[in-house]
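Visitor: I am new to this structure and would like a short tour. Could you please show it to me?

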Amino acid sequence: MKEIILIKNGELALKGLNRSSFEDVLVKNLRNSLKSLGEFEITKSQSTIMIEPKSEEFAFKTALDAVGKVFGIAGFSRAIAVEKNMESILKYAVPYLKDSLKNIKKFKVESKRSDKSFPLGSLEISAQLGGALLAEYNHLKVDVHEPEAVVMVEIRDKYAYIHCGQIKGAGGMPVGTAGRAEILISGGIDSPVAAWNMAKRGLKLSAVHFASPPYTSARAEMKVCKLLSKVAKYSGPIPLTIIPFTEIQEEIAKNCKEEYFTLIMRRFMMRLAEKVALHNKCQALITGESLGQVASQTLPALAVTNSVTTMPVLRPLIGMDKDEIVEISRKIDTFDISIEPYEDCCTVFTPKHPKTRPELHKCEAEEAALDIEGLVERAFCGATFKMID
């Protein structure tokens, strides 16, 4: 008998002939997530992945938590693998399931027999194990319709696997199977959630943040790093580019009408984000914008912002209510960091009456007073870099 973590693939099962390559990326991501927890081996077979500890020092509970944050997994279980015969199944399953069954009254046993050469059918396997559990634990009774716990026996190619209860996985697709994109990260609630959402769809992340000292502090930058470190628990390491934005904002404030400040600032951000994205070999930009949430996120404003970039701009929160976004931020543990009272550059030089229905030609006319190329180049050359994990 050996205790393992048994993993069920999610959408990968729908990938047909390409499934193997997606599974290989998932296994690689699992290795990276677990590499500091002790020695282990990962094997895959029949849409199932098995993680087997190879030393007593392997941090099993920490590993379960880490597995729960790896995208591409529908569900996972703490299980045992035993020899494929009823004697071994009964010998090891009954004591192993003691803790899982001690606080419940109603249970059932389900069996799946992928190996059709096994001499007993699924119903016979379930009946024998169910009888053994009833004989050992007299507080139990079988309820096939409304059980409090479901004991699973899976007869596969090499072993019989036994577990009780599947933990829901993070879902989505393995990070790295859909390319790379650049997230414009601020210190607010929305952009970390947008980053998490797109990592869930298989995108590898890079990040760009705009800092405006002395209007924004070092603590604001630390806040962004803390937010990205939470996202990185799911996405893997995230390279962060920090762009000095003070000169650009001061030039906008000196030379442009106040109602255009935010729009022109956003256009500069998109220009610089695209420049960083190309440097990082990204194929798209990601923002945390939600339609109509603020003045710069109306449809006309988004169109004006988009016009300075040729890259696809992914906005995974575009149709979400704030409550939905907050719910995800709590789930991924970024909410409390996001509401820390450190400003980011998006709140600097905010106009009292921003344009909500801007026209592109008028915005471009305002920008004509600026040395756009020089401002972008100086900001890009002043960038600093960090790796967040």
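Guide: A term is needed to begin: buried means under 20% relative accessible area, exposed over 50%, and partly exposed in between, with a 1.4 Å probe and protein chains only. Helices (H or I, at least four residues) and strands (E, at least two) are DSSP runs, numbered from the N terminus. This is a predicted model, in which local features need pLDDT of at least 70 and side-chain atom pairs count only at pLDDT 80 or more, while totals for chains, interfaces and linings use all residues. Residues are numbered from 1 along each chain as its sequence is written, and side-chain values use heavy atoms, with hydrogens and water left out.

Visitor: Which residues of helix 13 are buried?

Guide: In helix 13 (residues 360-367), the buried residues are Cys363, Glu366 and Glu367. Seen down the helix axis, they fall within an arc of 100°, so they line one face of helix 13. That arc is taken from the directions from the helix axis to the C-beta atoms.

Visitor: And which residues are exposed on the other side of helix 13?

Guide: His361 and Ala365 are exposed there.

Visitor: What covers the buried residues of helix 13?

Guide: The cover includes helix 8 (246-255), helix 9 (261-279), helix 10 (299-306) and helix 14 (372-381). Contact here means heavy atoms within 4.5 Å.

Visitor: Let us turn to sheets. In what order do the strands of the open sheet come?

Guide: The open sheet has 6 strands in the order 14-13-10-11-12-15, with mixed pairing. Two strands pair if DSSP finds at least two bridges between them. Strand 14 and strand 15 (384-388) stand at the edges with a single partner strand each, so one side of each has no neighbour in the sheet.

Visitor: How does strand 13 pair with strand 14?

Guide: Strand 13 (residues 284-286) pairs with strand 14 in the parallel sense over 2 bridges. Isoleucine 286 stands opposite leucine 314 in strand 14.

Visitor: Where is arginine 315?

Guide: Arginine 315 is in the loop between strand 14 (313-314) and helix 11 (322-331). With a relative accessible area of 14%, arginine 315 is buried.

Visitor: What is arginine 315 in contact with?

Guide: Neighbours within four places in sequence aside, arginine 315 is in contact with Met270, Thr287, Glu289, Leu302 and Asn306. The side chains of arginine 315 and asparagine 306 are also joined by a polar contact of 2.7 Å. A polar contact is a pair of N or O atoms within 3.5 Å; within protein, one must be able to donate a hydrogen and the other to accept it, and residues adjacent in sequence count only if both atoms are side-chain atoms.

Visitor: Moving to strand 1, why is it largely enclosed?

Guide: Strand 1 (residues 2-9) has 7 of its 8 residues buried, so the rest of the structure largely encloses it. Strand 1 runs antiparallel to strand 4 (residues 73-82), joined by 8 bridges. Strand 1 also pairs with strand 3 (residues 48-53) in the antiparallel sense, over 4 bridges.

Visitor: Which residue in strand 3 is the bridge partner of isoleucine 5?

Guide: The partner is isoleucine 51.

Visitor: Which residues does a cis peptide bond join?

Guide: Proline 213 and proline 214 are joined by a cis peptide bond, with omega about 5°. Proline 214 lies in the loop between strand 11 and helix 7. Most peptide bonds are trans.
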